[in-house]
Amino acid sequence: EQYENVILISFFAALYIIVYSQIMEHLEGWSLSDCYYYAWISFTTIGYGDFSLTSGDTPGMPAKDFPWYVITWMLLTAMGLSLLAALLTSMLEASSVSLKDVLEVVMEHALEAVTNQEAREELAREEQAREELGTPEKEFLTNRAVLLRKITEKRELLTRES
């Protein structure tokens, strides 16, 4: 049931691209493959700019009809954008992962990275202090074990909070 909307809107999106291509083939006189390409690029809002509307000098379309042509093109584009928005929305709704869940995972990784960076910096400071002060190896290892235990406790606390 989750994916019914996605499938239905995908069907209409494919139908839109086919109809749009047929209309563009008739109005522009381009090859069908160019029209499908143009329809897809327009639908996905990429818009490379390698194809553009003519200025009314297309065979079979007098210049006086050009404003209607632009209006037709704008309406077709608006329909395509609406379909694209509906498709993306339905895909988001159908997915089991919410944006909040994604953000929580990203924040957990960011906190872990910050914690790891802080730990590396603290260990580097301890190492430097040991070398400068000539701290005995046993005392240094004890301080390091305490620091690692603090880091582990901090990670566990962050995990429980999220």
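Colleague: Does S90 count as buried or exposed, and why?

Modeller: Burial is judged by relative accessible area with a 1.4 Å probe and protein chains only as cover, where buried means under 20%, exposed over 50%, and partly exposed in between. S90 has a relative accessibility of 6%, and therefore counts as buried. This residue sits in helix α3, which covers residues 66-94, helices being DSSP runs of H or I with at least four residues, and strands runs of E with at least two, numbered from the N terminus.

Colleague: Which backbone atom lies 2.9 Å from a polar atom of the side chain of S90?

Modeller: The backbone oxygen of L87 does. Before reading further, note that this is a predicted model, in which local features need pLDDT of at least 70 and side-chain atom pairs count only at pLDDT 80 or more, whereas totals for chains, interfaces and linings use all residues. Residues are numbered from 1 along each chain as its sequence is written, and side-chain values use heavy atoms, with hydrogens and water left out.

Colleague: Where in the protein chain is confidence lowest, and where is it highest?

Modeller: The quantity to read is pLDDT, the predictor's confidence in each residue, from 0 to 100. Where pLDDT is low, the predicted coordinates should not be read in detail. Helix α5 (residues 137-161) has the lowest confidence, at a mean of 70, and helix α2 (residues 32-43) the highest, at 89. Over the protein chain the average is 77, with 78% of the residues scoring at least 70.

Colleague: How many helices and strands does the protein chain have?

Modeller: There are five helices and zero strands, and 22% of the 162 residues count as buried.

Colleague: How many residues does α1 have, and what span does it reach?

Modeller: The expected span of a helix is 1.5 Å times one less than its number of residues. With 25 residues, α1 reaches 35 Å from its first C-alpha to its last, close to the expected 36 Å. The helix α2, with 12 residues, reaches 16 Å, close to the 16 Å expected. After α1 comes G29, with a positive phi near 80 degrees, and after α2 comes T45, with a positive phi near 60 degrees.

Colleague: Which residues are buried in α1 and in α2?

Modeller: In α1, the buried residues include V6, I9, A13, Y16 and I17, while in α2, C35, Y38, A39, I41 and F43 are buried. W40, also placed in α2, has 45% relative accessibility and so counts as partly exposed. Between W40 and I17 there are 6.6 Å in space, C-alpha to C-alpha, although they are 23 residues apart in sequence.

Colleague: Why does F12 count as partly exposed?

Modeller: F12 lies in α1, and counts as partly exposed because its relative accessibility is 40%.

Methods:
A polar contact is a pair of N or O atoms within 3.5 Å; within protein, one must be able to donate a hydrogen and the other to accept it, and residues adjacent in sequence count only if both atoms are side-chain atoms.
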